[in-house]
Amino acid sequence: MAYLRIPDFGTPPSRAEERVTLFIDGQSVTVPAGTSILRAAQTLGTAIPKLCATDSLEAFGSCRLCLVEVEGRQGTPAACTTPVAAGMAVATQTPQLAKLRRAVMELYISDHPLDCLTCAANGDCELQDMAGAVGLREVRYGPEGEDHLDLPCDQSNPYFDFDPSKCIVCSRCVRACDEVQGTLALTVENRGFASKVTPSQGELFLASECVSCGACVQACPTAALTEKSVVEIGQPEHKVVTTCAYCGVGCSFEAQMRGDELVRMVPWKDGKANHGHSCVKGRFAWGYATHRERILKPMIRGSIDEPWREVSWEAAIAHTAAEFKRIVAEHGKGALGAISSSRCTNEETFLVQKLVRAAFGNNNVDTCARVCHSPTGYGLKTTLGTSAGTQDFDSVEHADVVMVIGANPTDGHPVFASRLKQRLRAGAKLIVVDPRRIDLVRTPHVEAAHHLQLKPGANVAVLTALAHVIVTEELVDEAFVRERCELDAFHDWAAFVAEPARSPEATQAITGVPAAELRAAARLYATGGAAAIYYGLGVTEHSQGSTSVMAIANLALATGNFGRPGVGVNPLRGQNNVQGACDMGSFPHELSGYRHVSDAAARQLFEAAWGVTLDGDPGLRIPNMLDEAVEGAFKAIYIQGEDILQSDPDTRHVAAGLAAMECVVVHDLFLNETANYAHVFLPGSTFLEKNGTFTNAERRIQRVRKVMAPRNGYEDWQITQLLANALGYPMAYADPSQIMDEIAALTPSFAGVSYDKLEAMGSVQWPCDAEHPDGSPVMHEAAFARGRGKFVLTEYVATDEKVGPRFPLLLTTGRILSQYNVGAQTRRTANVVWHEEDVLEIHPHDAEDRGVRDGDLVKLASRAGETTLRARLSDRVAPGVVYTTFHHPLTQANVVTTDYSDWATNCPEYKVTAVQVSPSNGLSDWQARYGAHAARRRQITSAGPAE
Amino acid sequence: MSAAVTAKLVRMANQVATAFDGQRGDAAGETAAHLKAFWSRPMREAILSHLAAGGEGLNPTVRAAVAALGRSDGSGA
């Protein structure tokens with residue numbers, strides 16, 4: 001679409017049901033009570049001049065440009081802060097108003113550099129627009145007076161500049177930081193003429209509390225806050241709406257383009273997941289798409305000890321197909337498998353599992369959700385009937401109590417965190433269940449009512465103790481249980497949790513949570529009104545991950561917190577398309593729509609469509625593929641968009657498994673760590689270079705739109721299709737919309753989904769079918785997907801991973817705001833200024849005991865392996881607990897994690913590893929060896945003659 | 001199967017059985033159904049072979065479950 005500014009109504013909409021009719025410049029208009037005159041006028045298409053007002057922020061009334069006259073009232077009130085009234089007659093253009101507005105503009109311009117022709121915001125500057133709108137023709141105040149034109153520009157932030165000489169101190173940036181982002185990093189220091197916008201306490205942006213979400217830049221009506229990319233490239237001339245490729249929030253963005261060059265990503269105001277907000281990753285960290293390390297040509301090699309050799313696409317695909325066919329001939333079809341990625345589109349993941357099931361002839365397909373939310377799939381399907389979060393993100397606006405369990409939304413899901421903080425500041429209560437004091441526990445204007453700082457591994461004991469309080473203190477919603485749940489299972493469960501052994505007091509030694517605090521939290525959750533649970537990988541990545549998910553569902557069932565806004569059970573998905581990858585049949589036991597491969601009727605549907613006979617036995621999961629590889633039975637793998645060597649647990653075992661295979665095919669943007677063990681590299685396309693859909697954590701299916709040609713030559717779905725055809729299984733999709741049509745035809749919950757519908761509606765949440773043609777923002781409204789909700793007994797079983805004299809500390813892992821997953825994308829952006837390396841958080845007491853000082857290099861050792869990294873002393877973690885991230889390959893945090901896993905799904909137990917920490921003076925042996933190995937195995941020979 | 005992989009399968013099977021033991025139902029039946037639903041055929045065959053070889057390390061629920069699995073898989077134990 002052409003580059004058009006989205007209309008700005010000046011103030012947010014009123015939600016009042018009462019309607020009011022008034023007259024603006026003689027025209028009648030009816031709007032909700034509480035609407036500002038400014039907004040009411042805009043609904044008529046009457047643009048009242050404004051500078052400090054924008055419809056993402058509450059009215060402020062400081063710029064004095066939107067003055068109007070109201071019949072029967074004295075003076076000239078500001079249209080932004082004056083609500084409409086029945087029968088009101090408003091005049092927006094009079095000689096008096098024109099005079100006032102010109103005088104105001106004159107003052108602004110008298111202290112503004114007149115460099116419009118060379119200003120980066122030229123053509124996209126509201127100050128410039130308003131000067132025209134008010135008819136400014138002269139500025140009577142000369143240059144001899146004091147001004148702010150010599151104030152230095154703050155260029156510290158890697159993505160935007162702050163030039164205070166161009167600031168009009170309208171406070172839009174300050175209010176955006178407060179109201180939209182909720183960080184409150186900006187303020188206006190001093191008074192009167194000395195007023196100046198400043199981050200934190202007069203610091204530079206980079207050194208301040210600013211989280212670089214971009215809300216201030218977006219809100220700025222002048223060039224005071226401008227993206228560096230706009231300064232460097234110029235103003236965009238067209239834009240394409242697409243979906244962010246980072247976390248599971250699924251923010252909509254305008255990719256603002258200049259030709260085929262991306263100028264900036266601006267959060268889309270109409271995006272239903274983000275409503276015009278963004279975080280530092282989606283807004284700014286897209287430079288990896290053109291990073292010099294990106295691989296654009298296919299490569300092959302005979303063995304991993306040889307350098308890579310660039311070849312044509314035809315040669316690479318033919319070589320891969322020949323190798324796969326050879327391996328099948330020698331070892332059987334069970335020797336092949338594939339891994340798809342939650343970073344890829346629905347259409348791509350659907351094709352990968354189709355490739356495996358139809359062309360490979362087995363079910364050896366798995367996805368990276370194996371190592372994150374597979375327990376969500378098991379737990380929610382068992383209790384509720386399907387594997388998905390129950391709410392949309394907007395639901396949080398209706399929550400009275402929010403329980404965040406094992407999630408760190410301000411870092412992992414920042415845009416949702418901002419919504420959550422808005423609700424908490426409006427009065428909702430917060431319970432945090434986490435071994436670590438995450439930011440939400442205490443952040444400006446937000447403080448958790450309860451922080452249950454449990455020991456890592458004690459989730460089930462804590463959740464069951466919460467249930468104990470709810471049952472024994474008679475806080476169960478009996479009417480809901482009677483109407484909506486299996487009663488026999490409920491009675492069994494209620495008797496189970498009521499046993500004294502499951503009380504907060506009896507389990508305190510296990511959980512580490514003071515019983516009184518836990519009881520208070522249980523009472524708040526059960527009696528505080530609409531109560532919503534949001535959880536993350538701190539729940540799933542445990543030996544009892546699936547049990548924890550079921551325990552969470554039990555709590556919501558017992559308290560009737562399902563089926564309406566403000567409640568529910570909401571898994572916060574780590575990557576952009578975790579939900580979609582799971583929906584698309586990427587697990588080895590399920591076809592799309594969560595139908596088991598042993599379901600003959602479901603299989604027949606696919607067999608008829610695909611013209612093959614499908615295997616009714618589940619295939620291998622990722623860890624089982626690696627085990628079988630070490631055993632010599634699994635020989636070849638196609639890995640699309642995943643870096644299992646860095647992201648999966650027990651790195652040395654992963655390396656051994658990959659090294660044992662005869663043909664490892666990595667399809668990715670960069671030579672990632674897994675590619676060090678690959679024989680074929682197929683260069684991938686970025687989300688900017690392809691069409692498709694992502695499904696976010698609220699089941700919202702959204703379009704990904706190509707904004708530039710794929711630099712590697714093909715969109716990823718085309719590459720999978722080339723491989724299928726080379727293997728002799730025909731695929732002939734001309735466009736990913738055809739793949740979605742096939743998904744819809746074969747998947748009941750997607751039956752009503754099509755690209756046409758997505759174009760018309762913007763997005764749609766599954767189930768989308770004949771019964772729900774416009775999708776389903778809230779699930780399980782009248783009945784659960786499985787009919788009646790099922791309570792499951794959740795006996796606490798201690799992990800086999802025990803602390804002891806050799807490994808006395810518990811390591812838990814997580815992520816931070818500026819980096820994403822294995823960092824393949826974000827490490828190749830300026831985001832590294834915030835996180836150059838992974839560090840180990842250790843409590844000062846534990847550090848003192850070991851002679852470790854802040855910033856020291858330390859050895860982190862477990863029974864699986866050891867690595868070195870720098871220590872950061874922090875009381876965010878309790879004594880006995882240490883914490884790190886896994887964003888950097890040099891650290892290789894997963895050298896330390898073990899192969900212990902969730903009982904039901906094999907999801908790794910990343911969150912509990914017994915470790916020891918000691919001072920170190922250099923890299924571990926593994927790191928040193930691996931560094932040399934990686935450098936050797938990334939070598940590329942210069943291109944030879946054409947194939 | 002190597003001893004290491006067998007030991008891993010034994011641990012996984014015991015984990016599954018322990019979880020179903022905690023649910024106080026037909027733990028052996030649930031465990032067998034779980035292995036059938038989520039384990040690949042080579043994994044099931046390996047645990048069946050291990051039981052046939054004495055089943056060292058398998059807890060009683062798993063033993064009953066794997067025996068039942070053998071009957072339903074048609075491979076015996």
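## Terms and basis

Helices (H or I, at least four residues) and strands (E, at least two) are DSSP runs, numbered from the N terminus, and the expected span of a helix is 1.5 Å times one less than its number of residues. This is a predicted model, in which local features need pLDDT of at least 70 and side-chain atom pairs count only at pLDDT 80 or more, while totals for chains, interfaces and linings use all residues. Residues are numbered from 1 along each chain as its sequence is written, chains are lettered from A and ligands numbered from 1 in the order in which they are written, and side-chain values use heavy atoms, with hydrogens and water left out.

## Helix H3 of chain B

Helix H3 of chain B, residues 41–52, has 12 residues and reaches 16 Å from its first C-alpha to its last, close to the 16 Å expected at 1.5 Å a residue. Just after H3(B), Gly54(B) takes a positive phi of about 120°.

Buried means under 20% relative accessible area, exposed over 50% and partly exposed in between (1.4 Å probe, protein chains only); the buried residues of H3(B) include Met43(B), Ile47(B), Leu48(B) and Leu51(B), and also Arg44(B) and His50(B). In terms of contact (heavy atoms within 4.5 Å), the buried residues of H3(B) pack against helix H1 (3–22), helix H2 (27–38) and helix H4 (60–73) of chain B, together with helix H22 (622–631) of chain A.

## Chain B as a whole

The secondary structure of chain B comes to 4 helices and 0 strands, and its elements run α-α-α-α from the N terminus on. The C-alpha atoms fill a box of roughly 35 × 25 × 20 Å, taken along the principal axes, and buried residues make up 52% of the 77 residues in chain B. Among contacts in chain B between residues at least 6 apart in sequence, 64% join residues at least 24 apart.

## Backbone geometry in chain A

Most residues other than glycine have a negative phi, and most peptide bonds are trans. Asp25(A), although not a glycine, has a positive phi of about 50°; Asp25(A) is found in the loop between strand S1 (19–24) and strand S2 (27–32) of chain A, and is partly exposed, with a relative accessible area of 38%. Arg64(A), likewise not a glycine, has a positive phi of about 65°, and its place is in the loop between helix H1 (37–43) and strand S3 (69–70) of chain A.

The peptide bond from Trp766(A) to Pro767(A) is cis, with omega near 0°, and Pro767(A) lies in the loop between strand S30 (763–765) and strand S31 (809–814) of chain A.
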